[in-house]
Amino acid sequence: MDAEVLSRQLTETFGDDASCVARSVKRLYVALKPDGLYPVFDWLQENVPGLRFGTSTAMDLREGVGVWHHLPVNKTPLVITLKVVAPKPDPRIPSLAVKVPAAAWIEREMTDLVGVVFDGHPEPHRLVKAEAFPDTFPLRRDFDVAKFKEEIGESPEF
Amino acid sequence: MKAPSSRRVVQIGPFHPLLEEPVGFALAVEGETVVDVDARMDYIHKGIEILAQQRTYDMLPILLERICGICSVTHSVCFCNAAEDLLGIDIPPRANYIRTIIGELERVHSHLLWVGLAGHFIGYNTVFMWAWKYREPVCDVFEMLTGHRQNSALPMVGGVRRDIPEKYFPEAQKTLDMVEGKVKMLTDAVLDDPVLKARLKGVGVLTPQEVMDWGVVGPTARASGVDTDVRRDEPYAAYGELDWDVCLTENGDVFDKAVVRLLELQESIKILRQCFDNMPKGDLNLGMLHMPRGEGIGRYEAPRGEDIHYLRSNGTNMPERLKVRAPSYTNVASFKASCLGEKISDVTITLAACDPCYSCTERTAVVRGTDDQPERTFGDLVRLSQAETRRVADEMGRPHDLQLT
Amino acid sequence: MAASTPFLVRALKKSPWVFHVGTSGCNNCDIEIADCLTPRFDVERFGIKLVGSPRHADVMLISGPVSRACKEPLQQAWLEMPEPRAAVMVGSCACSMGAYRDAYSVAGPPDKVLKEVDPDAKYIYVPGCPPKPETIVMGVVKLLGAL
């Protein structure tokens with residue numbers, strides 16, 4: 001399936017709720033509102049054969065915390081990226097792990113590193129941060145390694 | 001993990017007597033059957049995505065080689081794919097062929113390593129010694145061509161850094177001939193061995209539906225009959241011009257995962273031969289490139305499956321965000337599907353079957369919670385063991401008591 | 001803790017048993033350590049044997065920087081080893097943190113971590129990323145000579 005064809009179909013079905021940008025025939029970026037994530041994901045699962053969950057990227061943007069879900073499609077070069085931005089200071093996004101179990105680990109990791117909360121996640125405990133690790137989020141922009149080490153009482157150099 | 005009564009929790013890790021990295025697994029067991037799996041990944045978390053934001057595009061492939069020792073070509077080439085997707089450029093053909101050669105050499109030595117480890121996990125140390133013995137010449141070829149046994153430091157955005165010397169190609173071809181013969185021997189030995197079949201058939205099965213739900217990739221998915229291979233789906237490097245096949249099997253058990261990898265080894269050797277024979281001449285790279293604002297996604301078929309890198313650039317010479325998703329990340333998470341309902345002794349090989357970048361055996365057993373299970377006496381254990389032997393013998397159509405002659 | 005008598009040191013040198021700890025490295029060094037056991041290098045012919053528990057071991061092979069979660073398990077494993085004991089830091093990360101020097105989730109290089117619990121810890125550095133198997137074998141041999 002072509003990115004431009006899929007982009008037209010998505011715009012027909014969802015109108016302004018899904019603003020699509022096809023960067024090339026194999027990369028489609030779809031910007032969504034947080035409550036538009038489930039309907040679009042359900043539609044994609046029904047209409048795109050071979051769609052699977054690849055991974056997600058969380059990043060600290062100026063307007064909020066962005067979560068990009070990357071969905072590759074088997075047997076085609078197409079990768080669909082669903083972009084959701086949650087406003088700070090209390091970023092919350094519906095959890096995709098309810099729909100597809102492959103998203104469970106990466107959502108736990110994003111909660112650890114950027115501090116975005118996934119509503120409805122089945123097991124929302126830590127994955128990559130040690131239990132003793134303080135409650136800071138290393139991928140936030142205001143995180144500073146030297147300051148962090150000073151706060152927990154370590155010298156900045158080994 | 002909390003243990004309700006009648007369940008025990010067996011902790012695996014973080015350090016185990018085998019060869020790999022620290023990782024913690026908690027298996028909840030009832031009797032000998034595993035009912036739940038939980039993993040702790042914090043032992044190996046190093047925060048390399050944040051380190052990547054402090055390196056320039058020129059330094060990044062060198063850092064990304066250090067994500068995983070055995071997938072060093074994977075991550076650096078995958079990052080270059082992402083950057084080239086962002087830039088929208090094609091790289092010179094000779095660079096494509098060099099990337100293919102180092103990628104396939106890595107696949108050969110990685111699959112041989114897995115075959116050896118899998119043999120080790122089921123107590124078949126002959127396979128371990130053989131596979132690792134034949135892995136050494138492949139590493140030697142890698143060293144001849146690139147100067148290092150694993151970390152080549154060759155890929156860069158827009159091509160490759162250095163050339164590989166063509167005077168070593170005949171020697172490399174000779175090594176490939178030798179390795180191909182040995183791989184065929186190993187394949188025949190595995191396919192024919194009744195003990196391996198009894199041990200591995202029907203263990204750790206992943207159905208195609210589970211593969212899609214858990215996003216499983218690579219040989220682990222192909223063993224379940226799910227047709228996915230980035231080398232064919234989105235041809236990078238020189239794969240679009242070469243003649244090779246995607247290997248598929250049907251059953252999705254550990255035995256089929258081994259078969260897929262052994263067949264892939266032969267395909268890789270076929271690809272390598274074509275590359276050595278048709279190596280084009282020409283430029284190696286496009287020089288230093290300015291990275292504009294934008295985002296790009298790179299994919300690469302690692303020995304373990306699809307690798308995804310997401311790159312976001314803000315126009316400076318360092319990335320704003322680099323997301324790395326190694327194939328093991330989804331394959332390991334699928335243990336929840338493949339391990340449940342298995343016997344605890346089969347879990348080791350089931351965990352190892354997706355070739356995780358670490359693997360584990362039981363080392364420390366911590367028992368928590370109350371125990372409602374009946375105590376088993378020595379006689380009970382003997383009876384259980386005899387029943388199991390009888391079951392296996394029936395399945396294989398052999399007499400219950402093998403006559404020693 | 002038992003004192004390390006000359007007799008015990010001599011016995012250790014005859015057949016050092018090694019225990020391998022991978023502390024959050026990239027597993028390349030771990031693979032090269034395993035390579036030492038396979039037919040090409042085969043260190044077992046010198047009596048060097050990889051064992052499954054620190055309680056059976058004389059020499060600890062440490063690879064990788066120490067992550068915060070690994071720090072305590074590593075110190076515990078070190079204290080479980082009987083005296084006389086020694087460590088080999090395999091690879092650049094274990095020697096000097098290598099590429100991970102600025103990472104937030106590492107607690108320090110293994111030598112500093114060991115010194116916290118055992119100020120007399122003896123160890124040798126084997127640099128390289130990763131060191132070749134020959135180098136690792138040579139490192140162990142030099143360590144035995146220095147004991």
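User: What share of the contacts in chain A with a separation of 6 or more comes from residues 24 or more positions apart?

Analyst: Such residues account for 47% of those contacts, where contact means heavy atoms within 4.5 Å. The model is predicted, so local features need pLDDT of at least 70 and side-chain atom pairs count only at pLDDT 80 or more, while totals for chains, interfaces and linings use all residues. Residues are numbered from 1 along each chain as its sequence is written, chains are lettered from A and ligands numbered from 1 in the order in which they are written, and side-chain values use heavy atoms, with hydrogens and water left out.

User: Why is helix 1 of chain A called oblique to helix 2 of chain A?

Analyst: The axes of helix 1 (residues 3–14) and helix 2 (residues 37–47) of chain A come within 12 Å and cross at roughly 130°. Angles under 35 degrees count as roughly parallel, over 145 as roughly antiparallel, 65 to 115 as roughly perpendicular and the rest as oblique. Helix 1 of chain A is therefore oblique to helix 2 of chain A.

User: Which residues make this contact, and how do they divide into nonpolar, polar and charged?

Analyst: Helix 1 of chain A contributes L6(A), Q9(A), L10(A), T13(A) and F14(A), and helix 2 of chain A contributes P39(A), V40(A), W43(A) and L44(A). They divide into 7 nonpolar, 2 polar and no charged. Here Ala, Val, Leu, Ile, Met, Phe, Trp, Tyr, Cys and Pro count as nonpolar, Asp, Glu, Lys and Arg as charged, and the others, Gly among them, as polar.

User: What makes R85(C) and E83(C) a salt bridge?

Analyst: A salt bridge is a side-chain nitrogen of Lys or Arg within 4 Å of a carboxyl oxygen of Asp or Glu. The closest N and O atoms of R85(C) and E83(C) are 3.9 Å apart, so the pair meets this definition.

User: Is R85(C) buried or exposed, and why does E83(C) count as partly exposed?

Analyst: Buried means under 20% relative accessible area, exposed over 50%, and partly exposed in between (1.4 Å probe, protein chains only). R85(C) has 7%, and is therefore buried. E83(C) has 28% relative accessibility, so this residue counts as partly exposed.

User: What does the salt bridge of R321(B) with E49(B) tie together?

Analyst: The side chains of R321(B) and E49(B) meet at 3.1 Å, N to O. R321(B) lies in strand 8 (residues 319–325) of chain B and E49(B) in helix 1 (residues 48–52) of chain B, so the pair ties together parts 272 residues apart in sequence. Both R321(B) and E49(B) are buried.

Methods: Axes fitted to C-alpha atoms, helices over the stretch in contact; angles between N-to-C directions. Helix = DSSP H or I, 4+ residues; strand = E, 2+ residues; numbered from the N terminus.
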